[in-house]
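The sequence and the structure are shown first, and the description follows.

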Amino acid sequence: MTDLTINGKDVSLDVPGDTPLLWALRDNLRLTGTKFGCGVAQCGACTVMVDGMPVRSCITPVEDLEGSDVTTIEALEGPEADAVRKAWVDLDVPQCGYCQSGQIIAAATLLTEIPQPTDEDIDFAMAGNACRCATYVRIRKAIHNAAKILEA
Amino acid sequence: MTAFSPTRRGFLAGGAALIIGAHLPVGNKMAAKAATGPVDLNAFVRIGEDNTVTVIVKHIEFGQGPFTGFATLVAEELDADWSQMRAEHAPADTATYQNFAFGIQGTGASTAVRNAFTQMRQAGAAARAMLVDAAAREWGVSADEITVANGVISHTGSGKTAQFGELVATASESTPPAEPKLKDPAKFKLIGKEEIRRLDSAIKTTGEAQFTLDVYRDDMLTVVVAHSPWINGKVASVDSSAALAVDGVEKVEQIPTGVAVYARNTYSALKGRDALLIDWDLSEAETRSADEQLEEVAAAARDGDGVVAETYGDLNAAFENAAQVIEAEYRLPFLAHAPLEALDGVIETRGDAAEIWMGSQMQTVDQMVTSDILGIPLENVAINTLLGGGSFGRRAQYDGQFAQELAQVAKAGGEGIYKLVWTRSDDIQGGYYRPLAVHRHRAALDETGRIIGWDNKFATESIMGGSAFEAVIQNGVDPFSIEGSIHKPYDFGAFEARWVRTDSKVPHLWWRSVGHSHTAFANEVFLDEVLQRQGKDPVQGRLELLGDKSPRDRRVLERVAEMANWQGVQGANGKAYGVALHPSYDAHFAYIAEVSEVEGEPRVHKVWVAADVGIAVNPDVVKAQIEGGLGYGLSAALFNEITFAEDGRIEQENFDTYRLLRINEMPEVEIDLAVNTEKPGGIGEAGTPPIAPAVSNAWRILKGEPVRRLPLVRV
């Protein structure tokens with residue numbers, strides 16, 4: 001049994017301790033916005049926030065999260081998340097959309113840390129999040145647009 | 001658009017009649033109903049009392065935009081307001097929802113808008129006529145005096161207005177017009193408008209979008225299958241005792257494609273699969289290395305006779321009279337599609353019925369194979385098509401490969417509900433690759449360096465051979481294997497393209513742009529080499545060859561040179577510029593790629609794109625598909641290759657060895673989209689073929705040696 005906070009709620013996860021957070025979120029809590037892409041922290045589709053940092057839930061065992069505060073795409077909020085979502089929709093960033101939960105969490109985290117990121121900052125922060133549809137041109141532009149929204 | 005229809009051979013017996021014809025099915029108009037709930041005015045348009053208009057889309061949405069495109073076509077003719085438009089997937093129903101290019105229900109070959117452009121407009125126009133008729137009857141006025149704009153129906157004389165929802169119950173009793181009148185394209189308000197936004201963006205930023213993996217039911221078992229790491233390996237023996245001891249594992253069953261582990265959750269299923277001890281029978285497996293397989297294809301290209309795909313002029317004379325002959329060979333690898341959502345599906349069986357939830361790209365095929373394997377009537381197989389997390393060809397299988405495995409899982413599991421999940425290794429090692437291809441090119445030049453003859457002999461597998469679509473193979477030529485090698489925009493004087501069909505144990509599949517994925521590379525790289533050796537500029541040299549044979553190709557090439565401020569292949573900044581021109585899917589594309597060398601690898605900084613796709617229903621979706629198609633092709637050109645070890649084991653397993661293009665490797669993309677009224681071209685694939693040759697042509701300049709093989713970065 002692992003006690004932690006997920007999306008603001010206290011949760012006791014009754015799963016084997018080595019269960020990756022990804023599967024506990026999906027199978028046990030039905031929080032399906034967090035996606036399975038590779039299972040080995042290579043694609044970023046499973047990205048969630050743990051104590052304010054983006055984490056690959058597919059390789060994070062639940063037993064390491066005792067007392068942690070987890071936020072998934074379903075509950076991601078705040079000015080950065082709002083700005084990112086607005087910029088994403090305005091530019092129609094998603095194609096298939098499967099990787100976008102992870103992209104949005106990574107982008108919102110970047111803007112929290114660096115409110116006006118350069119292209120190099122974006123490369124560094126986002127290179128771990130693969131998009132097979134290659135929506136990268138729009139992801140980059142949307143992050144810059146979100147930064148402008150936040151600045152205003 | 002290649003019109004083709006399947007034969008039943010290869011599909012399995014039993015099933016639906018395939019009806020082909022560009023009629024608009026309105027026969028299933030719902031009977032007059034009480035004024036509650038939404039109303040289907042025809043098979044494609046449902047209007048709710050809340051004024052929402054839902055378009056029933058016969059093609060799967062996996063990012064390429066049919067939800068938005070079809071909603072645009074319907075809204076245009078319906079004179080709806082864009083804000084009231086919605087879209088959802090059609091059920092599996094071949095007679096009503098067939099792709100006119102295929103004769104079955106399915107998505108592929110960039111046919112969505114091309115096959116349904118008129119059909120969807122007719123569906124919108126028919127629904128509009130029914131609403132107008134309803135208003136005329138309710139208001140007691142002439143239908144001719146009624147106007148519709150932005151979702152509001154008006155009668156000026158009486159001052160009456162209504163929204164769609166108020167009239168839909170009455171409209172459901174109207175007779176749909178036999179020949180719905182379509183708008184003059186000059187009056188389009190939505191088609192061709194850049195500002196139309198996608199219908200599915202918002203739900204893809206919140207986690208709400210429902211993919212197959214997201215289907216959960218309380219009584220569902222999750223299933224993973226241990227597949228052979230060799231192509232065509234079979235289970236010789238399995239010891240499942242350790243797997244069965246894993247907490248959560250319910251049972252283990254051998255199925256034709258491997259060993260299925262059924263568990264109460266995904267992690268238990270994965271742990272159970274890891275605990276299986278399987279001996280593989282390799283007697284029928286592909287146990288040769290990648291090099292051996294490639295040499296076999298290269299030998300076929302060199303020694304095989306093949307069949308003529310296209311020929312014109314006197315090729316023998318051209319080569320006999322040539323002052324110089326240039327030749328080269330090009331090799332292309334196996335490619336996996338690697339959609340980010342690997343294949344998955346949910347099936348529920350009860351008695352003689354089955355219901356499936358999956359990103360089905362060929363509903364008719366998936367329905368047929370399920371019916372056959374489970375021994376239940378075809379009409380009892382319901383398919384709920386869900387959003388696909390990418391496909392690039394992978395979700396469409398001519399043999400219903402995945403649906404077959406899903407049905408086998410259900411059959412072995414007994415009545416119940418099962419979610420079959422493929423992991424990345426199942427995907428990368430699962431075969432169904434873009435097949436190997438080896439091209440040999442020869443050019444005959446006269447004493448002035450002018451090309452007077454061109455000969456292209458190449459070897460690759462038949463894409464459609466052995467499938468239900470085999471009838472498309474005419475005179476031994478599979479149009480999907482040779483596309484892009486024929487009907488070239490250039491006039492070579494004398495020309496021949498000859499295809500040598502190879503066979504392989506490795507199952508092949510259409511991969512985004514199919515034949516064009518190898519022909520465009522070999523053609524445009526060889527042409528560029530020839531032009532360089534003659535001291536010709538790659539833009540000017542191509543323009544000379546185009547002559548006036550292909551005005552749309554000429555225009556995009558001239559335009560892209562303008563956009564890039566073309567100054568030749570060498571930049572002053574250590575960068576090189578590569579050109580490629582390749583039409584496909586009734587769309588015309590010219591690329592210029594700006595490339596430098598960074599840490600030994602090509603780095604593509606910018607790509608200029610001039611495109612002519614005819615009428616672009618949603619120009620911004622078209623641009624997104626160009627950006628994405630280019631990035632997808634660039635990933636393959638730079639990094640992607642499936643290889644086989646000395647013992648035939650597949651060497652790649654995940655994204656650490658099958659490297660995907662990342663944001664820091666994605667070039668800036670500047671697109672100019674021609675505006676015209678030519679018929680709509682396909683846009684899901686056409687952006688992919690030109691990027692590999694454009695980048696390769698720049699890389700040759702940078703490295704000073706020819707590029708004869710992909711990927712450019714080989715491990």
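## Domains of chain A

In this predicted model, chain A is assigned domain 1 (2-73) and domain 2 (79-151); such bounds come from an automatic or database domain assignment. The centres of domain 1 and domain 2 of chain A, taken over C-alpha atoms, are separated by 21 Å.

Domain 1 of chain A contributes 13 residues to the contact and domain 2 of chain A contributes 11 residues, where two residues are in contact if their C-beta atoms, placed from the backbone, lie within 7 Å. On the side of domain 1 of chain A that touches domain 2 of chain A, strand β3 (residues 47-50) of chain A gives the most, with 3 residues. Helices (H or I, at least four residues) and strands (E, at least two) are DSSP runs, numbered from the N terminus. That side of domain 1 of chain A divides into 7 nonpolar, 5 polar and 1 charged residues. Ala, Val, Leu, Ile, Met, Phe, Trp, Tyr, Cys and Pro count as nonpolar, Asp, Glu, Lys and Arg as charged, and the others, Gly among them, as polar.

## Contact between the chains

Chain B brings 46 residues to the contact with chain A, and chain A brings 45 residues. On the side of chain B that touches chain A, α6 (266-275) and α16 (619-639) of chain B each supply at least two residues. The largest share, 6 residues, comes from α16(B). This side of chain B comprises 19 nonpolar, 15 polar and 12 charged residues.

## A sheet in chain B

Chain B holds an open sheet of 4 strands in the order β22-β23-β24-β25, with mixed pairing; two strands pair if DSSP finds at least two bridges between them. Because β22 (576-581) and β25 (668-673) of chain B stand at the edges with a single partner strand each, one side of each is left without a neighbour in the sheet. From one strand to the next, the twist averages 15 degrees.

β22(B) pairs with β23 (residues 588-598) of chain B in the antiparallel sense over 6 bridges. Tyr577(B) has Glu594(B) in β23(B) as its bridge partner.

## Confidence and conventions

Chain B averages a pLDDT of 94, and 95% of its residues score at least 70; pLDDT is the predictor's confidence in each residue, from 0 to 100. Over residues 1-35 of chain B, pLDDT stays under 50. The model scores ipTM 0.98 and pTM 0.95.

Residues are numbered from 1 along each chain as its sequence is written, and chains are lettered from A and ligands numbered from 1 in the order in which they are written. In this predicted model, local features need pLDDT of at least 70, side-chain atom pairs count only at pLDDT 80 or more, and totals for chains, interfaces and linings use all residues.

Notes. Axes are lines fitted to C-alpha atoms, for helices over the stretch in contact, and angles run from 0 to 180 degrees between N-to-C directions.
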